[in-house]
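Open the model in your viewer and keep the sequence panel beside it. This tour goes from one selection to the next.

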Amino acid sequence: MFGLFAKPRIMGVIFAIFFLLAAAALGAIYFLSPHVTLRITTGPEGAKARQFIAAFVKVAEAQHPRIHFEMAPVPDLRASAKALEDGEVNLAVIRSDAPLPINGETLVILRHDAIAFIVPHHSSVSSLADLAGKTIVLPTGPAQNDNAHTLDVLLSYYNLSPDAVKREFLPASDIGDAIERKRAVAAMAVGPVGPGDVVDTVASIGAATKGAPKILAFDDADAIVKRFPFFESYDVPQGGFRAKPAVPDDTVTTLAVNYRFAVPITMPDIVANAIGRSILTAKAQLMNVSPMAGQIEAPDVTDQNPLLPIHPGFADYLSNGDQSFFDQAQRYLYIFGIPLSVTASLVTLLVSMVSARGSKKDRDVTQRLLELAHEASNADRQKLEALEQELHEAVAAYIARAGDGDKGEQWKTSLAVQHAMRRVERRAADLKSAASSGAPPTAALDAAEISRTDSP
């Protein structure tokens with residue numbers, strides 16, 4: 001009984017030290033960690049996006065020395081989205097009509113690529129429905145499979161199966177010759193208003209057919225977008241694909257897909273904010289390296305049904321402007337503060353329970369010492385030896401525990417120890433005196449003496 005004493009004060013100190021060390025460790029990890037490393041997809045081999053990614057990484061690392069980027073090559077845009085979904089990268093270039101990562105959120109829109117169906121100036125084709133049973137040619141390149149899939153989707157809107165339209169893949173410079181030789185009646189190219197596959201295809205067809213090609217208009221663009229939200233209605237301005245003669249010769253409504261940077265939902269707001277802000281503020285620098293940076297834009301924070309939601313950390317920046325570190329960290333203080341508060345309450349409850357248990361044990365010990373003193377008053381030699389051993393253990397435990405626990409209870413225990421020691425010592429002296437004189441002890445007769453007295 002006397003060997004087990006609760007130590008609530010020591011436990012409380014231990015818990016306090018533990019939390020202080022934990023807080024210090026977390027602070028050290030945050031402030032002293034060398035760098036944050038983010039993996040970013042580079043797009044397919046040969047894609048123009050790779051040049052832009054390289055420029056972006058250079059600018060971002062210069063603005064944020066604690067952020068380091070690692071390139072993650074992928075074979076196509078589908079693989080780029082899958083890499084983000086599987087947690088292999090932290091930043092991915094995705095295209096709106098490719099399968100989207102289920103755990104992704106939008107950071108910035110990189111560019112819009114028009115979907116252009118190009119026919120020679122003398123063509124009778126005026127709609128995709130007119131392509132049934134004919135051949136269409138697409139430029140070769142890293143995105144040719146994605147573009148072919150886009151064609152299949154659009155044909156399905158006009159109730160045409162993919163097999164209803166034959167297709168060939170040729171370098172953009174050879175497409176005009178294929179159309180001039182009647183191997184195909186039209187071309188489909190996907191690219192920006194500016195240097196890219198559409199402009200190259202228009203130039204090829206114009207040179208081969210000796211006339212300004214036409215761009216098919218989508219009068220039902222809004223209906224197509226409602227059915228396939230990954231498309232967007234897009235107005236190509238006069239001369240957007242060729243200045244002279246102008247192609248198109250007037251503003252034409254077509255469809256477009258967009259490229260964007262996507263990040264995982266789990267990316268901290270502070271990191272997403274820093275990256276997104278770097279892209280927007282460094283747009284001019286990026287344009288010096290990659291012309292495609294001219295189309296970079298922030299996503300629309302007012303869109304109620306976005307294709308891929310905006311990351312909340314960057315949305316806060318777009319809505320409220322630049323924020324201090326403490327403003328951005330407030331959310332994390334709430335997230336970590338609530339469980340920490342609950343943990344502290346549980347620790348306080350535990351310490352209180354241990355303290356109450358310790359106080360009860362102190363009372364039990366004091367009571368036992370009083371009982372021991374009473375038993376010592378009438379104990380024989382054998383019993384007294386056992387009581388002395390028990391008292392010795394109690395004194396040893398009391399000394400080891402000095403300074404811990406309830407002071408009031410310790411004071412009572414101290415008095416009880418002294419009282420028991422005096423009773424044991426007095427009884428031992430009485431037994432020794434009785435043994436030497438043959439007289440019975442003052443408080444009670446020794447068991448042997450009682451036995452002899454009762455004998456006839």
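Start with S80, which sits in helix 3 (residues 77–85). This is a predicted model. Is S80 buried or exposed? S80 is buried, because its relative accessible area is 1%, below the 20% cut-off. Show its side chain. A polar atom there lies 2.7 Å from the backbone oxygen of V93. Now display the contacts of S80, leaving aside neighbours within four places in sequence: they are T41, V74, A92 and V93.

**The cavity**

Select R78, R95, D97, A98, D146, H149 and T150 next. These residues line the largest cavity. Its space comes to about 30 Å³. The count of cavities of 30 Å³ or more is one. Which element gives the most to the lining? Colour helix 4 (residues 144–157): helix 4 supplies three residues, the most of any contributor. By class, the lining holds four charged, two polar and one nonpolar residue.

Move to P268, in the loop between strand 10 (252–264) and helix 8 (269–281). P268 is partly exposed, because its relative accessible area of 38% falls between the 20% and 50% cut-offs. Draw a distance from the C-alpha of P268 to that of P312. The two are 44 residues apart along the chain, and the separation is 9.5 Å.

Stay with P312 and select helix 10 (residues 312–320). Its buried residues include G313, F314, A315 and Y317. What covers the buried residues of helix 10? Show strand 4 (104–119) and helix 8; both are among the elements that cover them.

Now pick S278, in helix 8. S278 counts as buried, because its relative accessibility is 2%, under the 20% limit. A polar atom of its side chain lies 2.8 Å from the backbone oxygen of A274. An α-helix has 3.6 residues a turn, so residues three or four places apart point the same way.

**Backbone stops**

Centre on V247 and P248. A cis peptide bond joins them, with omega about -5°. P248 belongs to the loop between strand 9 (232–236) and strand 10.

Go to K182, in the loop between helix 5 (172–180) and strand 7 (186–191). K182 is not a glycine, yet its phi is positive, at about 65°. K182 is exposed, because its relative accessible area is 65%, over the 50% cut-off.

Then take K210, in the loop between helix 6 (197–209) and strand 8 (214–215). K210 also has a positive phi without being a glycine, here about 55°. Is K210 buried or exposed? K210 is exposed, because its relative accessible area is 71%, which is over 50%.

**Zoom out**

Finish with the protein chain in view. It has 14 helices and 10 strands. Of its 456 residues, 42% count as buried. Among contacts with a separation of 6 or more, 75% come from residues 24 or more positions apart.

Methods
Residues numbered from 1 in each chain as written. Predicted model: local features only at pLDDT ≥ 70, side-chain atom pairs only at ≥ 80, totals over all residues. Heavy atoms only, no water. Helix = DSSP H or I, 4+ residues; strand = E, 2+ residues; numbered from the N terminus. Buried < 20%, exposed > 50% of the residue type's maximum accessible area, 1.4 Å probe, protein only. Contact = heavy atoms within 4.5 Å. 1 Å grid on protein atoms, 1.4 Å probe; cavity = no way out; pocket = protein on both sides within 12 Å on 5 of 7 lines; lining within 4 Å. Points joined across faces, edges and corners; volume = space filled by probe spheres on them. Nonpolar A, V, L, I, M, F, W, Y, C, P; charged D, E, K, R; others polar. Polar contact = N/O pair within 3.5 Å; in protein donor to acceptor, adjacent residues only side chain to side chain.
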